[in-house]
Amino acid sequence: MISALFHMARLTRAGFVFAREGVFGVVDPSLVPPHGQLALRIARLIERPGVKSGARLSAALTRLGPAYLKLGQFLATRPDVVGVSMARDLESLQDRLPPFSLTEAEAVVAASLERPVSKLFASFSPPVAAASIAQVHRAEIEKDGVRSTVAVKVLRPNVAAQFRRDLSDFFFVANNAERYSAEARRLRMIEIINTMSRSVAMEMDLRLEAAALSEMAENTQNDPDFRVPKVDWDRTSHNVLTMEWIDGIALNDHVRLAESHVDLPDLGRKVIQSFLRHALRDGFFHADMHPGNLFLDDSGRLVAVDFGIMGRLGMKERRFLAEILLGFITRNYRRVAEVHFEAGYVPAHHSVENFAQAIRAIGEPIHNRTAEEISMAKLLTLLLEITGLFDMQTRPELILLQKTMVVVEGVARSFDPKLDIWKVADPVVREWIERNLGPLGKVQGALAGAGELGRIVSGLPTIATRAVTVLEQLETMSRDGLRLDAESIAAIARARARQSRWRTIGIWVIALTFIGILLSVR
């Protein structure tokens with residue numbers, strides 16, 4: 001197909017950029033099949049001299065544009081796909097791009113809010129921060145003669161079209177990978193790109209980010225240690241988000257924190273407990289909690305910004321998280337294993353006892369270490385690696401949780417290297433378990449189950465009617481068979497022939513393009 005040629009041409013360019021930036025230099029040749037080792041050696045020939053090993057992948061992704069930057073950030077949450085080492089390198093990938101002009105930003109704001117910028121804001125500054133999808137401006141609004149400062153987030157012009165094009169390339173790769181690789185099917189490559197695509201689509205509609213801010217504000221309105229900025233809905237649209245400007249101390253500004261005599265160990269506690277409370281209690285958490293997105297306000301509360309990436313956990317996932325954390329705290333490895341089977345994450349044909357033994361191999365070394373050597377994030381990383389041995393399919397929501405926990409734990413330990421992560425987490429985990437899995441939780445669960453049963457019973461007549469219709473159709477198919485006429489068979493054959501022909505042409509185009517690149521470099 002013609003579209004396949006365009007995919008291959010763009011992917012060839014991406015491969016050339018990766019080769020020039022030395023990305024293939026970090027690949028272990030022993031892990032590459034024999035027929036791929038020749039391509040690896042050829043790629044090393046066009047490597048740009050003087051490339052720094054630690055910045056290879058970051059430089060390549062930045063050169064390739066916004067969608068590849070987002071792909072790198074997303075794959076940082078998937079050590080099961082790219083490996084633990086590369087995932088750690090990708091965690092440091094900074095989503096920063098040069099800003100677009102103030103004139104362009106004002107044009108976007110005016111078109112989106114259908115009013116001139118001068119009518120909307122008393123002042124509107126040049127950008128103070130720029131990323132792959134949007135940039136932020138400081139502005140002022142005036143109401144009843146009183147001015148207040150706001151942050152205005154503006155979507156990049158034409159960014160949606162660029163993302164659609166690059167995401168179509170990613171889907172092309174994922175589809176072909178799953179077609180020919182059992183490991184790709186286990187890792188659910190198409191689902192990975194689907195998840196990324198949904199995440200990016202939500203990030204590119206700033207009304208949804210505003211809604212996430214609003215939802216978390218409701219969830220945390222009674223939290224003593226955490227709050228979020230207020231949204232100005234009158235100045236918010238698909239391409240523009242206006243919210244309260246935060247003047248607090250950024251958590252990556254250790255100098256100002258020290259000058260303000262902040263209780264750093266207590267700040268570490270607030271970071272950990274706030275995140276766990278949101279994940280367990282609310283099932284809705286900020287999934288990009290690096291220190292640049294966290295501030296400490298004058299009242300000593302944490303304030304989070306940039307709600308473009310959010311994570312959700314259903315009750316099943318929350319119970320899973322709480323019980324495995326409590327199981328490791330109490331060294332009840334059998335219960336940790338049982339939770340995996342009860343949730344349906346590990347196929348039933350595996351042995352609970354063998355799985356519990358594998359989990360014990362992770363948990364026991366942790367209990368023999370000092371508090372500062374214990375990492376909850378590392379524990380979850382090891383747990384996800386072990387589950388792969390027992391055919392546990394990848395759970396994107398749990399991977400995102402694990403990635404966020406790595407970041408949150410790192411932020412907390414930067415304030416208190418001797419932080420006892422289990423002691424800090426224990427009250428939040430136990431409170432949730434007592435409330436949801438204790439006697440009161442069981443009564444509430446029974447009432448909810450009774451309500452669900454009532455809804456099912458009331459729908460039984462409709463279900464019975466549909467079942468009879470399906471059975472009649474199956475009976476007809478079993479009696480008469482599924483028939484294809486001659487025209488349908490011929491059409492299928494022609495489509496298969498065209499597909500094979502274009503795939504062959506595409507392979508030759510890639511080969512010739514790569515040879516041309518090699519000759520031009522020399």
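User: In which helix is Arg 413 found?

Analyst: Helices (H or I, at least four residues) and strands (E, at least two) are DSSP runs, numbered from the N terminus. Arg 413 is found in helix 19, residues 396–415. This is a predicted model, where local features need pLDDT of at least 70 and side-chain atom pairs pLDDT 80 or more, while totals for chains, interfaces and linings use all residues. Residues are numbered from 1 along each chain as its sequence is written, and side-chain values use heavy atoms, leaving out hydrogens and water.

User: Is Arg 413 buried or exposed?

Analyst: Arg 413 counts as buried because its relative accessibility is 14%; the cut-offs are under 20% for buried and over 50% for exposed, with partly exposed in between (1.4 Å probe, protein chains only).

User: What does the side chain of Arg 413 reach?

Analyst: The backbone oxygen of Leu 419, at 3.1 Å.

User: Which residues of helix 11 are buried?

Analyst: Ile 192, Ile 193, Thr 195, Met 196, Val 200 and Glu 203. Down the axis of helix 11, these buried residues fall within an arc of 155°, so they line one face; the arc is taken from the directions from the helix axis to the C-beta atoms.

User: How do strands pair in a sheet?

Analyst: Strands of a sheet pair through backbone hydrogen bonds, either parallel or antiparallel. Here, four strands form an open sheet with mixed pairing, in the order 4-9-8-6; two strands pair if DSSP finds at least two bridges between them. Strand 4 (226–227) and strand 6 (249–250) are the edge strands, each pairing on one side only.

User: How many bridges join strand 4 to strand 9?

Analyst: Two, and strand 4 and strand 9 (residues 302–304) run parallel. Arg 227 stands opposite Val 303 in strand 9.

Note on methods. Polar contact = N/O pair within 3.5 Å; in protein donor to acceptor, adjacent residues only side chain to side chain.
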